[in-house]
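Dear colleague,

I am passing on to you the structure we spoke about, with the sequence alongside. Please have both open while you read the notes below.

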Amino acid sequence: MLKKPALSIGNVGQLAMDLMVSSTRAERIGFFDDPFLLPCVGNDAYGPQPQGQLALPLEAYDSSSNALTLVQLRSPVVKGKMVEFAKNLADFAAATGKKHAVVLSSLDFGRCRNIDMSSGLQTYYLSSTNSDGTDDYCEQIGWKRLQEYNPTQRCWKYLGTLAEGNAMQDNNPFEDELEEEDYYPSLPFAALFSCFKAKGLKVTCLLCYCSEGDNIQDAFHLAEAACKLLGLSPSNFHGNEGNGWLIPYSWKTVYGLPPDMSIF
C-alpha cells in the first residue's frame, strides 16, 4: 500500500501525511532524487531532539506494522512537469510491487458547487475501481464521488492519454482555450490518479474542500478518512492525544503563536 499527498490548497495532504508518519512512528527508508522537483531542505519534522536528519523534498517512510509505505512531498513540482513527475512516482510504485495507491489532497472551497456543512467536513473521493470513478466501499462509507470527474471530458481524456505515453505534454491542444470544466484535470491529484491508473494500480484519491489558513482540522479529517479506507484504527497508533494521534513536532510553530486575546 502506497500513500502520498498531492500539492494542493492549504497543504492539507502534506499535513495529513505528517500526522500519519508521526502517529505510526514510521521509519524513513529513503528519499527520491527527482529532476522535476524544486529543491528544499529543512530540519527533522518529527523529533524534538536534533538527530542530524534533514527533511528533503520527497521522502519514503515505512510502517511495517500497518503494511504501509508513506510518501511525503514537501516541495513544488517544476511548472509544466507534473505528469512527468507523476509517471516517475507511478513507475516506482509499480516496480516495488505496490497494488493500491492512496492520494490525499484538498480542493478550493471557492469552487465547491454544493455546500452542505450540516454534517461537518465532507470527504470526496475518486477511484479507479470503475470507469466512472466510483467505488462501492467508498459509497458505503458515505463519501461522495468527485462530481467534476468525467472520463469522457476532453482534458480528462487527454490526461489519460499522456499518462499512457500516447501523447506529448508540450502539444496540449486545449492550452489556449481552457474552460471551467478543464480546471480539475489540471490539478496535481489528477495527474497522479491518471499515472497510477495507467500503471495498473488501484488508485483512490481522498479529497476535501478547504480555504487557505489554519488547516489542522482538515488534516485530521483527511488522515482519519485514510484510516477508515484502509481499515486502520488510530487508537492503535502511538499518539499522546488520547485518540492515538501524535502531533508532529514541526506543528508547534507551523501557524505561529495564537493572537493576544487582550486586543479583542
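This is a predicted model: local features need pLDDT of at least 70, side-chain atom pairs count only at pLDDT 80 or more; totals for chains, interfaces and linings use all residues.

Helix α1 covers residues 12-24, and its 13 residues reach 18 Å from the first C-alpha to the last, close to the 18 Å expected at 1.5 Å a residue. This helix is mostly covered, with 13 of its 13 residues buried, and just after it R25 takes a positive phi of about 55 degrees.

Helix α6 has 15 residues, which at 1.5 Å a residue should span 21 Å, and this agrees with the 21 Å that separates its end C-alpha atoms. Twelve of those 15 residues are buried, so α6 is largely enclosed by the rest of the structure; among the buried ones are D218, F220, H221 and C227. The residue that follows α6 is G231, whose phi is positive, near 75 degrees.

The structure holds one cavity of 30 Å³ or more, and about 30 Å³ of space lies in the largest cavity.

On the surface, M261, I263 and F264 form a nonpolar patch with about 420 Å² of accessible area together. Of these, F264 lies in the segment after α6 (216-230), and F264 counts as exposed because its relative accessible area is 69%, where the cut-off is over 50%.

With best wishes

Methods:
Residues are numbered from 1 along each chain as its sequence is written. Side-chain values use heavy atoms; hydrogens and water are left out. Patches are made of residues with over 30% relative accessible area and no salt bridge: like charges are joined within 9 Å, nonpolar side chains (Val, Leu, Ile, Met, Phe, Trp, Tyr) within 5 Å. Accessible areas come from the Shrake-Rupley method with a 1.4 Å probe; for residues, only the protein chains shown count as cover. A salt bridge is a side-chain nitrogen of Lys or Arg within 4 Å of a carboxyl oxygen of Asp or Glu. Helices (H or I, at least four residues) and strands (E, at least two) are DSSP runs, numbered from the N terminus. Buried means under 20% relative accessible area, exposed over 50%, partly exposed in between (1.4 Å probe, protein chains only). The expected span of a helix is 1.5 Å times one less than its number of residues. On a 1 Å grid over the protein atoms alone, a cavity is a set of points where a 1.4 Å probe fits but cannot get out, and a pocket is an open set with protein on both sides within 12 Å along at least five of seven lines; lining residues have an atom within 4 Å of a point. Grid points are joined across faces, edges and corners, and a volume is the space filled by probe spheres set on the points.
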